Structures are given as C-alpha cells and as structure tokens.
Amino acid sequence: MNRLQPLFRRVMAVAAGTLLGLSGVAILAAPASAHHSEVKVQAKCDTATGEWVVDWTIRNYAPRNVKKYKFDEVSAKTFVGETATDVTIPGIAVTEGDNYPHATDQPLTATQRLDGKISKASLSVQAAWDNGFKEHKPVSAAIELGGTCVKDQPPAPKTPKPTASVTADCEGVVVVKLENAEDATAPAGFIVTGTDGFTETATVEPGKNASVTVPAKNAGSIKVVVEGVEEPLFEGKPAPAENCVEPGEPAGAYQSTCDELIFEISNPEDGETVTVTFTPNKGEPKTLTVKPGESGTVSFPAEEGLTVTPSAEGLEDTEPIAWEKPADCAPGGGGGDEDEPTLPLTGAATGGIIAGAAVLLAGGAVLFVLARRRKLRFTA
C-alpha cells in the first residue's frame, strides 16, 4: 500500500487552494491599483510681475487598453490666511457626457498665475475612464506659498550730481573747480570752454573733484556743461578777483646836459623787473634792465639833432626824445664841440646826475612812467 499518495493529494489541494485565493485577490485588487490619478504641484515667484506662478501636473494610470479619461469632479481653491476662494485652472475642468478628452499616457499640465498675497493653493480631481471605471474618491494636492511675492522695483537710474565753481586771480587766470557729490551713482563728464577756441574735458567719479585752469587770454567768457545735461552749470564772465595788490609802478626821467642825454629808471620795492630799450637816431641802441628796489641810468653823447626813442613791452608812447642844449652851457661847449676836452661822468658824478634828474623835473624836464605790466607813458 502506497502511503505517499494521500499525502501528495493533500499537498496539491492546499497549493491549489492557495493559488486560487491569490488569483482572486489579484482579480479584485487589479482594478483598484490600475486605475488612479496623481496630482503634483510646484510654484515660484515671478518678481517681474509680483505674481505666484503655480504649475500643476496630473498623471493618470490605467490598463494598457484604456486610452482616455475625463474628470467627474474638479475643485480648485486659493487661500489668503484662512479665507478660501474657489478658482478655475485653465485646462482642468469637469467634462459632461461621454466625452473623454484626456489621454492616459500623457501628463496633463496647467499653470495658474496668482496674486502675490495668496498664501496657499489646492486642487482636487476625480477621474473617470472610458472603460466605465471611476476613482472611488478625489485625489488632492496643495502648496503653501511662503511669504509674499513682490514685484522687483526697477533699479534707480545711475546719475551724476555735478557742481562747478569759477574763481579768477589777480592776473585774470580762472580756475574752474569741478565736483561730483558723494551720493552720485555715476561719473560726471564735464566740458569747460573759453574764448578763442579753448576747450578742456574732465571726468569726475562720485565723491571726487578736479580742476581746469583757463588762461587769462581765454577767460573772457567761460561755459561749464555736463555731458547729457542741456542747462550749463556756469556761463558768462567770471567775477574779478578782490583785494588784489597792484605792483608798484616804475618811474623814469631824462635830462639834457651840455654833454649828454641821460635817462633814468627807478623801480620800487613792490614793482616788477622792467626792461627798456633806448634807440638813438645815430649810433647803437642801449638796453636798461632794472629790478624791483633798484634804479639805473643810460646816456648818449650830446650832439645837435640827437633823438632817442624808448621802447618796452606795453609801451604807450613811442615818440622820440630830443637832446636840447641847456642855456648855461659855455660858448662852444657841448653839442659835439671837441675844442674843449670833457671828462666822462663816472662814480660820484654819475650819482650827482641821477640826483639832479629830480631837480630837473621841477625845472620842466619830462617824466615818463612805466605802469603795471611794463606799460610806458610820458607826462609833461
């Protein structure tokens, strides 16, 4: 008698029962696991507009032979704090009747643009398939929108903050000081123009300064403008300098003696060095240079018809000065008479002549004065 046969039959029966039970579970479970939806969401702040951009993605799962589905229920809400508002999402809506507009093998995406004050967004859907299956309950997703989405303010335009001051010195030279304020946000490009074609440019960074010197000959009228700005910062003639000290004026005198025509120049301590050229109508010119605080003389031998013309920078009067024979000269003396010898005027004698020039002024000799900047003029 084979005792293994009943045992084998019982094992086979248990295995068959187990297989049948598992098959039943699989059959019952298959529809629930094969038909379902999945909702995902993400969001970002669009700072260009100050709006939340919320992207929804719905994936649908069904057996391979099921191609289409629709939504029997859709619920979308937005929240500001605890206050909810029903909204719609483009492309995600309930479909009535037997129309199934969505494909099961493609994700369904949609985008919401929400006010920057929205704090939360949610979406709930319930799908139905073209094979008659329907989700037994809605599937939901929500996203908390942290903080407030704010529109970026456009950056402030970069601008310079330029200023200019114009000052003149006692010689007429003008200094234009150019500045760009500490709180400026861009360099300032300056253009300084003067007379006779003078032009100079300067670029000044925020918080910095620069200066432009305009020579006196170009400072008759000055204009200061900033690149890109129509209105000039300064335009016109600079104000003259104040409290200027005029240099002392050198003075000159000349004297006709029986033997010579003598010229003297005296320069005060606060004067400027002066140079005068004396050109006779006969013989070679002579030049006399006198520094401040000094005096000097130059002379020419006397003869009838002698004239000497002084010249200097800024000369106002270039009339020649003639030798005139003094009335008290001895008969035959001076004027080129060589019968009686004469001695040259040197040493103390020369000093006496210079001192005598002042006396001659009182007696009708002519005085000439060298004005500021070496201008020469004659007075009777």
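**Start with confidence.** The model is predicted. Colour the chain by pLDDT: the mean is 81, and 77% of residues reach 70 or more. Now select residues 18-32, where pLDDT is below 50. Beyond near neighbours in sequence, this stretch has one contact in the model. Go on to residues 336-367, where pLDDT again stays under 50. Here the model has 29 contacts beyond four places in sequence.

**Next, the cysteines.** The structure holds two disulfides.

**Select C45 and C149.** Their sulfur atoms sit 2.0 Å apart, forming a disulfide. C45 is in strand 1 (residues 36-46), while C149 is in the loop between strand 8 (139-144) and strand 9 (162-168), so the pair ties together parts 104 residues apart in sequence. Look along the S-S bond: the torsion is about 80 degrees, so this disulfide is right-handed. Then show the surface. C45 is partly exposed, at 29% relative accessibility. C149 is buried, with a relative accessible area of 5%.

**Move to C258 and C329.** This pair also forms a disulfide, with the sulfur atoms 1.9 Å apart. The torsion about the S-S bond is about -105 degrees, so the disulfide is left-handed. The pair links distant parts of the chain, 71 residues apart. Find C258 in the loop between strand 16 (251-256) and strand 17 (260-266). C329 lies in the loop between strand 22 (321-322) and helix 2 (347-362). Which of the two is buried, and which partly exposed? C258 is partly exposed, with a relative accessible area of 22%. C329 is buried, at 12%.

Notes:
Residues are numbered from 1 along each chain as its sequence is written. This is a predicted model: local features need pLDDT of at least 70, side-chain atom pairs count only at pLDDT 80 or more; totals for chains, interfaces and linings use all residues. Side-chain values use heavy atoms; hydrogens and water are left out. pLDDT is the predictor's confidence in each residue, from 0 to 100. Contact means heavy atoms within 4.5 Å. A disulfide is a pair of cysteine sulfur atoms within 2.5 Å. Helices (H or I, at least four residues) and strands (E, at least two) are DSSP runs, numbered from the N terminus. Buried means under 20% relative accessible area, exposed over 50%, partly exposed in between (1.4 Å probe, protein chains only).
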